[in-house]
Every structure is written in C-alpha cells, then in structure tokens.
Amino acid sequence: MKSRLTRRRVLSASSAFVAAGSLASCMPKTATNNARTDEPVKKDTAMPDPHISTQPLVIAHRGAPGYLPEHTAKGYDLAIRMGADYIEPDLVFTKDGHLIVRHDHYLSTTTNVADHPEFADRKTVKDGHEGEDWFSEDFTLAEIKTLRARQAFETRSHTADDKFDILTFTEVITLAHARISLQGSQIGIYPETKLPSYFAALGYDFESALLEELSRVGWGQPGSPVFIQSFEDGILRSLRSKTELPLIMLLESADGVDMQDIATYADGIGPSKALLANKDGSSTGFIEAAHAQGLKVHPWTFRSDMLPDVFANAQAEFDFFFDLGVDGVFTDFANDARASLLARAARSG
Ligand code: G3P
Ligand code: CA
C-alpha cells in the first residue's frame, strides 16, 4: 500500500451549505459538556468507554472544517460541542521533531505562510508533491507558531481565516483530555500518521514520538480513548508489536484488499465510503467481510455540503450508512451525524 503525497483535490460544493445556526438543534439541553477549552472538567471515574459504544462513533474529521479552519482549537472545541465522540488530528513533523497537526506537510492551502516574506526563500520543490510549496519539515515549531490557519475549501466560510494558530499534537491531546462528550464519555483522539515512510526517510521516528505523547497523559494503555490510523500498513504492522491501542488501516481502494491479513495487525478499517455500497444501494459486502474478521469499519468523509446526488440531505446519507452497518463515521459536520443518531434513537423509542 503506497503513501499518498498529494492532497485530494479541493472539491466545489454540490449542495446547499449547512448553516452553523442548525448546531443548537442537536444539542441536548442537559448536556454536561463544557463549552470552553480552558475550563477544567471534573472527571467521572465511571465514565463509559467510547470504544464499546453501542452506537456508531462520531469522529470529528479535522475538527469542524465545515464551519471553521481545520485542525484548530476552536474547530475541535466546536466539534465536541456539536456531539463528536472523537476528534481527529492529522500529524506531520516540524524541522525540530515536533508533531504538529496538519493534513499535509505542505502548508500553502491551510495556512497564511505565503503572506510571510521572511519565509519566501523556504518555498521549494519536493519529491511526491506537484509544484513549489512550503513544507512543515523545513520550519521549526517556533516558526510554525507564527503562522495562522486558513479554511482549505474555497466554497466554505473564510471569515475565521488567519485567526487561529497551528496546534501541536501535545496541545490537541491536552484539549481532548479535559473534555467530556455530549454523551457523557471522555472525548477521544483519532490521530493519523501522515506520510510515515517519507518522514522515516528524513530520520524522524513517528512511532516513538506518537507513543511517547500518548503515554505522557496515560493514554498508551488498552482502553484509552485512542485509535491510531494510517494509509501505510508498514507503520501499523510495526506498531502492533509496540502498543495494544486499536489500529485502523485506511483504504482508498478495495483492490487487492486481504481482510484476513489486515486483521493480523489492525483492529479496524477506515475505507472511503464509496467502497461500501453499490449504485443500487445494496452492500458491496465490504462491511460484512470486515466484520467477519472482527474489524471495525469507520468510513470517510461525510460532508453535508458535498452530498452525493442520491441523498436529499445529510440525515439521509448518515441514515443510509448507519443502516448499512458502519461502526463510526469521519465527518466534517459532527452536528449532522449526532442529529441523525439522536433521531434514530428517538424513532426506536
Ligand atoms: O483519516 C481518515 C480520513 O480523514 C481520510 O483521510 O486525512 O485524507 O481526510 P484524509
Ligand atoms: Ca485524516
């Protein structure tokens, strides 16, 4: 399985934008969730384990990028307040070996780096990336901290551009560790190791950096609210002998997939949602085959403003995939996933 060095093309919206004003409708009035990231939360030792939730997990894909720039503290905070169970940090390295939270190691599409003349001479060409750009591994953490985040999608709101700083993995763990979900569970994290082979070739040790960060807050043990994901099977196979935390194999294609083999090193699969259903709405058998091997299925990416034509609205799409049997969803709109689950619960009494 090859690493992906290029970001998937930024898509244009194919359906109506879901207004932020709809968020409140899915939030139970009795929720104990605190709304600010700087407020300490009294931990409930009897808190349910999100791993054994009987409902599909709502995984806040890059925070709340439907509304705010991705991978920002405000975005993660909003996603938690909208009903996420897990927040998803994508991880890359800085020059001085810090894990920071960015979907890509190139920085032009999600930061204001191009507006920093002091970094003009860092713009360069790298193997695996089309054209010139600025890259995380050429910046120290102190330099990264002078940048501000931007909305990646042209069709989404840019009113919060250039307001929020770039987070370290440490900061995201700290943020999650202090928070409880609307459902009363510890907020979990779902880190993705981006380009592990690429960074290994540059001398970075992804596995140690990742596991050390998790252990620092006591989240290195089985039962911790953590899933580790990657598009590269190599790092997951290696991690299997180093951690009992659940590992998720990301898949963009079903070609040559061997579920039995994946089950030897992973606990679940994160497939493109396109792999799960045929055009007539029937199952492709992917979910059933994964479940037969004891693998969870957490598909991506559910975007309420870019719905496939067959769905009238976001609820219809979530309902379809929940009915199909997924165990969780990566979504840019955690509010819509939570609203769908609440509506289903209400229907079933
Ligand atoms: O990580 C699962 C999902 O996020 C797909 O990958 O990072 O390209 O959005 P990504
Ligand atoms: Ca990801």
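Mentor: Helices (H or I, at least four residues) and strands (E, at least two) are DSSP runs, numbered from the N terminus, and the protein has 10 helices and 11 strands. This is a predicted model, in which local features need pLDDT of at least 70 and side-chain atom pairs count only at pLDDT 80 or more, while totals for chains, interfaces and linings use all residues. Residues are numbered from 1 along each chain as its sequence is written, and chains are lettered from A and ligands numbered from 1 in the order in which they are written.

Trainee: Why is Leu275 called partly exposed?

Mentor: A residue is buried if 20 or more other C-beta atoms, placed from the backbone, lie within 10 Å of its own, exposed if 12 or fewer, and partly exposed in between. Leu275 has 18 C-beta neighbours inside 10 Å, and therefore counts as partly exposed.

Trainee: Where is Leu275 found, and which residues does Leu275 touch, not counting those up to four places away in sequence?

Mentor: Leu275 lies in the loop between strand E9 (268-271) and helix H8 (286-292). Contact requires C-beta atoms, placed from the backbone, within 7 Å, and with residues up to four places away left out, Leu275 touches Leu251, Ala254, Thr284 and Phe286.

Trainee: What puts the buried residues of H9 on the same side?

Mentor: In helix H9 (residues 314-324) the buried residues are Ala314, Glu317, Phe318 and Phe321. They lie on the same side of H9 because they cover an arc of only 95° around the axis, the arc being that of the directions from the helix axis to the C-beta atoms. The buried residues of H9 pack against strand E11 (328-331) and helix H10 (334-347).

Note on methods. Two residues are in contact if their C-beta atoms, placed from the backbone, lie within 7 Å.
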